[in-house]
Amino acid sequence: MAPFLVLAVIAVLAGGLHALIFKPSRLQTEDNEEPFYVASLDSIFERHLRWRTNLPRVTPFYAVKCNNDASVLRMMSALDTGFDCASKVEIQQMLSLGVTPDKIIYAHTTKPLSHIKYAGTHGVDMMTFDSEEELLKISLSHAKAKLVLRIAVDDSASKVRLSSKFGARLESVGKLLGCAGELGLEVIGVSFHVGSGCTESLPFQQAITDARRVFDMGNLLGFQMRLLDIGGGFSAIESFQQKFEEFSEVINRTLDELFPPDSGVQVIAEPGRYYVESAFTLAVNVIAKRVVESREQRYRSVIWGPTCCSYDKVTNSCWIPELHVGDWLLIDNMGAYSVSSSSDFNGFERAHIYPVVTAETWHTLNLSDIYDIRQ
Ligand SMILES: Cc1ncc(COP(=O)(O)O)c(C=O)c1O
């Protein structure tokens with residue numbers, strides 16, 4: 001890593017794309033043109049401390065899908081968070097790191113039967129549902145599950161909307177709870193997700209209010225409702241820091257009003273983006289260039305990925321100085337949904353990940369117990 005880190009010659013902020021351009025002076029790019037990430041474990045630690053300060057009543061269950069690199073998962077287990085898993089493989093991944101099943105929620109409302117069975121035989125009991133069909137599958141494959149009813153909420157203020165695909169409408173909640181009761185299943189709580197990259201606090205307030213109504217219905221039907229899962233949607237990139245504090249204030253206030261600490265309700269969340277987005281910086285090498293127009297100092301540019309696919313585009317338009325083949329671009333805030341959704345399409349390798357950590361964090365968290373540095 002070290003040779004890469006001393007190459008900064010010019011730095012620009014390309015509109016919307018926070019990118020540093022590195023002009024290689026000592027680097028033999030012929031042998032070093034593969035993209036790579038630098039993953040800051042300190043950044044993850046710092047986010048965690050901030051979470052605990054701002055949302056002291058809410059236990060984070062890290063959403064594994066957001067970035068399942070082993071360095072991240074080990075760090076999260078060192079921080080003693082819970083985990084939101086979406087499949088058998090994610091559950092296996094966490095159990096293999098020594099995470100106990102009670103710290104896992106299987107937070108996918110549409111699960112293959114075999115994955116539900118796997119969860120059941122490995123002691124993972126908490127899981128979400130939003131339909132009668134899912135209840136039937138669960139009653140056949142893991143009748144002792146502790147069920148969390150996911151409700152659809154307003155996700156219109158989010159980058160990635162989820163409620164068109166997941167979550168029961170409030171009108172159908174009574175019927176679903178009735179069905180769970182008839183099947184002899186145990187419902188313990190309610191979950192929601194305001195959508196990933198949420199920009200407003202109001203949807204959290206409204207969703208917690210809706211969850212309260214569902215709690216009341218569940219309690220009336222004889223369930224012991226005791227878990228509220230407020231999902232993900234939080235960001236922690238620099239421009240979002242104030243928003244996180246604003247969200248936290250609204251969430252804390254609404255929780256204290258509707259789910260006060262003496263209600264005995266455990267509150268959890270499923271943050272993904274919040275923890276990892278800004279922890280990862282991607283370094284990519286300019287391997288080709290095509291000039292379309294060249295009249296200004298800064299050029300309106302398109303940044304393409306290396307494959308044959310025309311969808312493989314990092315950005316459609318950004319203003320940056322002229323780049324040359326062999327230059328390096330550093331792109332920050334690349335930790336969320338990039339590693340986990342990358343592919344080796346066209347035979348281009350996935351970017352290697354270099355985790356970095358300060359000695360202070362290493363010792364504070366006893367990371368030598370968790371990371372095998374010979375690997
Ligand atoms: C069920 C569930 N939980 C948690 C998350 C993580 O969301 P975020 O990265 O916005 O925190 C997602 C993201 O899609 C999700 O679908």
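This is a predicted model: local features need pLDDT of at least 70, side-chain atom pairs count only at pLDDT 80 or more; totals for chains, interfaces and linings use all residues.
Me: In which pocket does the ligand sit?
Reply: A pocket is an open set of points on a 1 Å grid over the protein atoms alone, where a 1.4 Å probe fits, with protein on both sides within 12 Å along at least five of seven lines. A molecule sits in a pocket if more than half of its atoms lie within 2 Å of its grid points. By this rule the ligand sits in the second largest pocket.

Me: What volume does the second largest pocket have?
Reply: A volume is the space filled by probe spheres set on the grid points, which are joined across faces, edges and corners. For the second largest pocket, this space is about 400 Å³.

Me: Which residues that line the second largest pocket are the closest to its centre?
Reply: Lining residues have an atom within 4 Å of a point. There are 26 of them, and the closest to the centre are Lys65, Arg150, Leu162, Phe166 and His193.

Me: How far from an oxygen atom of the ligand is a polar side-chain atom of tyrosine 337?
Reply: A polar contact is a pair of N or O atoms within 3.5 Å. Side-chain values use heavy atoms, without hydrogens and water, and side-chain atom pairs count only at pLDDT 80 or more. For serine 196 the distance to a ligand oxygen atom is 2.6 Å, and for histidine 193 it is 2.9 Å. For tyrosine 337 the distance is 2.5 Å.

Key
Residues are numbered from 1 along each chain as its sequence is written. A polar contact is a pair of N or O atoms within 3.5 Å; within protein, one must be able to donate a hydrogen and the other to accept it, and residues adjacent in sequence count only if both atoms are side-chain atoms.
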